Amino acid sequence: RPVMECDKCDRDAVMHAGYSGAHLCENHFCASVDKRVRRRIREDSMLPSDATPEDPETWVIGLSGGKDSVVLTHILDETFGKDPRIEMIALTIHEGIEGYRDESVDACVELATDLEMRHELVTYEDELGVRMDDVAEKDPMEMAPCAYCGVFRRDLLERFADEYGADKLLTGHNLDDEAETALMNFLEGDVKQIAKHFDASIGGFDDRNEQEEFVPRAKPLRDVPEKEVALYAHLKDLPAHITECPHASEAFRGEIQELMLELEEDHPGTRHSIMAGYEELAQLATERYRGDEEGVELNECERCGSTTARDVCRKCKLVEAIEAV
Ligand code: SF4
Ligand code: ZN
């Protein structure tokens, strides 16, 4: 196959984007990723309007060591690393997964050291007294490991973002992740979940928004396809870790992933059009459900003090069930 030339210069193209028809060389490809991420940051109003060097904003970045969060951290550092109005903290969560998380923590430490960025490491074991390897084995609720893990990760990300005084919590979700979640929510007929998925970027109905301690979420990579994130990490030689978690168990997402790859292959642009329609639908759904939650009384969890509509929060219930095995 003949090598194509870059659309913008006469160097060899390193990629072809089916959805846009673009052929780009290494430099122009990386520049186009940077541009999309910066545009997303502007359009989602992530830039601090009233921060000053004396009173900067704090951004906590969820850094797992995988390609997505590594690319996100790199681009944020390139863009805002010298901006005195923004302080960035990389937060890594160690789930207690032998031979998997240890290596990706090394990648996180390497990157944070390179960038001279403050790095914090929080473990399920220290904070919750559980390790995912044991959780997967004990499985008192007969659920997939990821169902426990997701609750724990969200709890710790929010708790520590809050503790560090974060104004924003940024995560590395890419276009494929977002389009898959969108399609899963459609297929499950879960309109409420559609509203929740977007509550962070459009200020939705989720009860957490009523809480002062709720930290707004941002997903600056959500316009960039997974393959392009991987290529970017490779071309920039970033220390990303690629092994898959041995407990990865989201079977439904796996099927959706395959479907999405096929759709994208036959109908380039499918992911983008799903997200465009989804965002509009999410706004409508948010309006529909706004107010529904107003009557819900929120308490502090009896065990850990986090905000919950019950006496004991979901995370504490799960930890308790695991301890009882
Ligand atoms: Fe946790 Fe599942 Fe991710 Fe493994 S794949 S780290 S179990 S959420
Ligand atoms: Zn609790």
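Phenylalanine 152 is buried, with a relative accessible area of 0%; buried means under 20%, exposed over 50% and partly exposed in between, using a 1.4 Å probe and protein chains only. This is a predicted model, where local features need pLDDT of at least 70, side-chain atom pairs count only at pLDDT 80 or more, and totals for chains, interfaces and linings use all residues. Residues are numbered from 1 along each chain as its sequence is written, and side-chain values use heavy atoms, with hydrogens and water left out.

Searching the whole structure turns up four aromatic pairs. Rings of Phe, Tyr and Trp (its six-membered ring) pair if their centres lie within 6.5 Å; planes under 30 degrees apart count as stacked, over 60 as edge-to-face and the rest as tilted. Here are two of the pairs.

| Pair | Centre to centre | Angle between planes | Type |
|---|---|---|---|
| Tryptophan 59 and phenylalanine 80 | 5.1 Å | 70 degrees | edge-to-face |
| Tyrosine 124 and phenylalanine 152 | 5.6 Å | 85 degrees | edge-to-face |

Tryptophan 59 sits in strand 3 (residues 57-62) and phenylalanine 80 in helix 2 (residues 67-80), 21 residues apart. Both tryptophan 59 and phenylalanine 80 are buried. Tyrosine 124 belongs to helix 4 (residues 124-128) and phenylalanine 152 to helix 6, so this pair ties together parts 28 residues apart in sequence. Helices (H or I, at least four residues) and strands (E, at least two) are DSSP runs, numbered from the N terminus.

Note on methods
Chains are lettered from A and ligands numbered from 1 in the order in which they are written.
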